[in-house]
Amino acid sequence: ASIAAVAALATRKPMCVTVLDSAGGILVQKRMDGCPDGAYVKISYAKARTCIHLRTSSRAFREKYTGSGEVAKFTQAAGMVSIMEGELVPVSGGVLIRSTSSADGSTTVVVGAIGVSGAAADEDEYLAWKGVRAMTSKGGLSTVPVNHCCKTLK
C-alpha cells in the first residue's frame, strides 16, 4: 500500500489504497492527506473486493459485462453489484495478487488484492499494479491484469 501511495504522488491527487488478504479481509488501508474520507475509501475497498470475489481484476469485470454494450450483460452486472451489496464494482483500479505455489511456477494461488481510488480509473489500476510489481522481486508475486492499460502515467 505504501508503494502504491508513493507512486500516487505522481498524480498530484489525493488517493486511497486498500490491500486485502485472500479472504477479503483488510490488511491495510491508507488514505493520503487531502483525500476525503468516504467515497474513495469505499471505492478502493470495492475494487479490491471485486478481485477477491471474482478472482480477476475489476477491469476484467467491467469489460466482460459492460464492454459490449449489451443490455442483458449490463443488467447482469448491475444485479451482481446489487446482490453483493456494493462489494463489486465494474471500474478499473482493482488488481488481483497471486503467488507461485509450485517449484516450476505452473501453479498460482490468490494471496490478495489491491484497490486504488482517487484518480482516473486507468491511473488507479496502474498505481495498484505498480505497487504489486515493486514487490515481485521479493517473492514471486504476479498480477491480474499482467499488464496495465494506463497511457497517462509511466
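I take helices (H or I, at least four residues) and strands (E, at least two) as DSSP runs, numbered from the N terminus. I am working on a predicted model, in which local features need pLDDT of at least 70 and side-chain atom pairs count only at pLDDT 80 or more, while totals for chains, interfaces and linings use all residues. Residues are numbered from 1 along each chain as its sequence is written, and side-chain values use heavy atoms, with hydrogens and water left out.

**Entry on S44.** I looked up S44 and found this residue in helix α2. I call a residue buried under 20% relative accessible area, exposed over 50% and partly exposed in between, with a 1.4 Å probe and protein chains only. S44 counts as buried because its relative accessibility is 0%. Taking contact as heavy atoms within 4.5 Å, and not counting residues up to four places away in sequence, I found that S44 touches C16, V17, T18, Q29, G115, V116 and S117.

**Entry on the cores.** I use nonpolar core for a set of buried Ala, Val, Leu, Ile, Met, Phe, Trp, Tyr and Cys residues joined through side-chain atoms within 4.5 Å. Which members of the largest nonpolar core touch the most other members? They are M15, I114, V116, Y126 and L127, out of 16 residues in that core. At least two residues of this core come from each of β1 (16-21), β3 (94-100), β4 (108-117) and α5 (121-135), and the largest share, five residues, is supplied by α5. Another core, of eight residues, lies apart from this one and includes A48, I52, L96 and V144.

**Entry on α5.** The 15 residues of α5 should span 21 Å, and its end C-alpha atoms are 22 Å apart, which agrees. I listed the buried residues of α5 as E123, D124, E125, Y126, L127, A128, W129, G131 and V132.

**Entry on backbone geometry.** V144 and P145 are joined by a cis peptide bond, with omega about 10°, and I place P145 in the segment after β5 (141-144). I then noted R55, a residue other than glycine with a positive phi, near 60°; R55 sits in the loop between α2 (39-54) and α3 (58-66). With a relative accessible area of 39%, R55 is partly exposed. E85, also a residue other than glycine, has a positive phi near 50° and belongs to the loop between α4 (71-83) and β3. Is E85 buried or exposed? E85 is exposed, with a relative accessible area of 72%.

**Entry on α3 and α4.** Two packed helices are described by the angle between their axes and the distance between the axes. My axes are lines fitted to C-alpha atoms, for helices over the stretch in contact, with angles running from 0 to 180 degrees between N-to-C directions. The axes of α3 and α4 come within 7 Å and cross at roughly 135°. Angles under 35 degrees count as roughly parallel, over 145 as roughly antiparallel, 65 to 115 as roughly perpendicular and the rest as oblique, and α3 and α4 are therefore oblique to each other. From α3, F61, K64, Y65 and T66 meet K73, F74, Q76, A77, M80 and V81 of α4.

**Entry on F74.** I found F74 in helix α4, where F74 touches Y65 and T66, not counting residues up to four places away in sequence. The C-alpha atoms of F74 and P90 are separated by 9.9 Å, with the two residues 16 apart along the chain.

Notes:
Expected span 1.5 Å × (residues − 1).
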